[in-house]
Amino acid sequence: MPSSTRSVSPWPIRQRQIRRQIVYLWWTLVLIVSLMLASGMLAVTLQASRDDTRRTDLALVVIPVVPSQAMIDHTLDLYRRGLVPQMLLVGEGSDGLRARLVEQGLSEERIVLLSTSHHVPADLQLAGQSARTQGSQTVLVVAEPADMLTALKIMRDQDLRAYSSPVRESTLDLGTLFRATMRYWSYVLALS
């Protein structure tokens, strides 16, 4: 009697198993990225609302391309209140902020301008090394709220006690929050 049963190849079963594993892997990756994004956005938001202004060895001012009037006023106020004896300027708008601070009566000797590479994490690492070389142990970070979490992380990675003093008149919209979160995770994951 001829056999009418054919042998079934295990290949279709393996293909389904492989596809299923790829789908599980994909959803696991989506979940991990979503959790990182959500936790980063929450951390950026919480840090942006925190103000630890106090007397420190120097102020590290992280400046966007065009410093806002609120940033200029805030930086001057910290100096005039005697909370910081020296300013360390970092960012693309450093030259502009320095000129504005000098116009407002701040002594040029109190301002240290670092050459910028237009790569803020590298500039902040250089600023941290410079601060330590000068003997500073505490740093008051003055920055836009969205930049605060990353700046504090970099300063603390440089073994400095860093405190936040965000510029208050800035807002965190969803796009700004997303970009700040991506900058933070880019820095953190680059260290790994």
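The legends below describe close-up views of a predicted model.

**View 1. The five-stranded sheet of the predicted model.**
The sheet is open and has five strands in the order β3-β2-β1-β4-β5, with parallel pairing. Strands β3 (111-113) and β5 (161-166) form the edges, each pairing on one side only. From one strand to the next, the twist averages 25 degrees. Helix α2 (residues 69-80) packs on this sheet and touches β1, β2, β4 (138-143) and β5. The direction of α2 makes about 155 degrees with that of β4.

**View 2. Strands β1 and β2.**
Strand β1 (residues 58-63) and strand β2 (residues 87-91) run parallel and are joined by five bridges. In this pairing, I63 stands opposite G91 of β2. How many residues of β2 are buried? Five of the five are, so β2 is largely enclosed by the rest of the structure.

**View 3. Strand β4 and the strands it pairs with.**
Strand β4 is joined to β1 by four bridges, and the two run parallel. L140 in β4 is the bridge partner of A59. Six bridges join β4 to β5, again with the strands running parallel. Here V142 stands opposite S165 in β5. Strand β4 is mostly covered, with six of its six residues buried. In a regular strand, side chains alternate between the two faces of the sheet. In β4, T138, L140 and V142 point one way, while V139, V141 and A143 point the other way. All of these residues are buried.

**View 4. Packing of helix α1 against helix α5.**
A pair of packed helices is described by the angle between the axes and the distance between them. Helix α1 (residues 11-48) and helix α5 (residues 145-157) pack at an angle of about 105 degrees, and their axes are 8 Å apart. The range counted as roughly perpendicular is 65 to 115 degrees, and α1 and α5 are therefore roughly perpendicular to each other. On the α1 side the contact is made by A43, V44, Q47 and A48; on the α5 side it is made by P145, A146, M148, L149 and L152. The residues of this contact comprise eight nonpolar, one polar and no charged.

**View 5. T28 in helix α1.**
T28 is a residue of helix α1. A polar atom of the T28 side chain lies 2.7 Å from the backbone oxygen of Y24. Is T28 buried or partly exposed? The relative accessibility of T28 is 41%, so this residue counts as partly exposed.

S164 is located in strand β5. Its relative accessibility is 0% and the cut-off for buried is under 20%, so S164 counts as buried. The side chain of S164 reaches the backbone oxygen of R50 at 3.0 Å. Leaving out residues up to four places away in sequence, S164 touches Q47, R50, D51, D52, T53, L140, V141, M148 and L152. Of the residues in the α1-α5 contact, those on the α1 side include Q47, and those on the α5 side include M148 and L152.

**View 6. D159 in the loop between α5 and β5.**
D159 lies in the loop that runs between α5 and β5. Most residues other than glycine have a negative phi. Phi of D159 is near 60 degrees, a positive value in a residue other than glycine. With a relative accessibility of 69%, D159 counts as exposed.

**View 7. L114 in the loop between β3 and α4.**
L114 is found in the loop between β3 and α4 (120-133). Its relative accessible area is 14%, so L114 is buried. Apart from neighbours within four places in sequence, L114 is in contact with L88, L89, V90, D123, L126, A127 and S130. L114 and A127 are 13 residues apart along the chain, and their C-alpha atoms are separated by 7.3 Å.

Terms used
Residues are numbered from 1 along each chain as its sequence is written. This is a predicted model: local features need pLDDT of at least 70, side-chain atom pairs count only at pLDDT 80 or more; totals for chains, interfaces and linings use all residues. Side-chain values use heavy atoms; hydrogens and water are left out. Axes are lines fitted to C-alpha atoms, for helices over the stretch in contact, and angles run from 0 to 180 degrees between N-to-C directions. Angles under 35 degrees count as roughly parallel, over 145 as roughly antiparallel, 65 to 115 as roughly perpendicular and the rest as oblique. Contact means heavy atoms within 4.5 Å. Ala, Val, Leu, Ile, Met, Phe, Trp, Tyr, Cys and Pro count as nonpolar, Asp, Glu, Lys and Arg as charged, and the others, Gly among them, as polar. Buried means under 20% relative accessible area, exposed over 50%, partly exposed in between (1.4 Å probe, protein chains only). A polar contact is a pair of N or O atoms within 3.5 Å; within protein, one must be able to donate a hydrogen and the other to accept it, and residues adjacent in sequence count only if both atoms are side-chain atoms. Two strands pair if DSSP finds at least two bridges between them.
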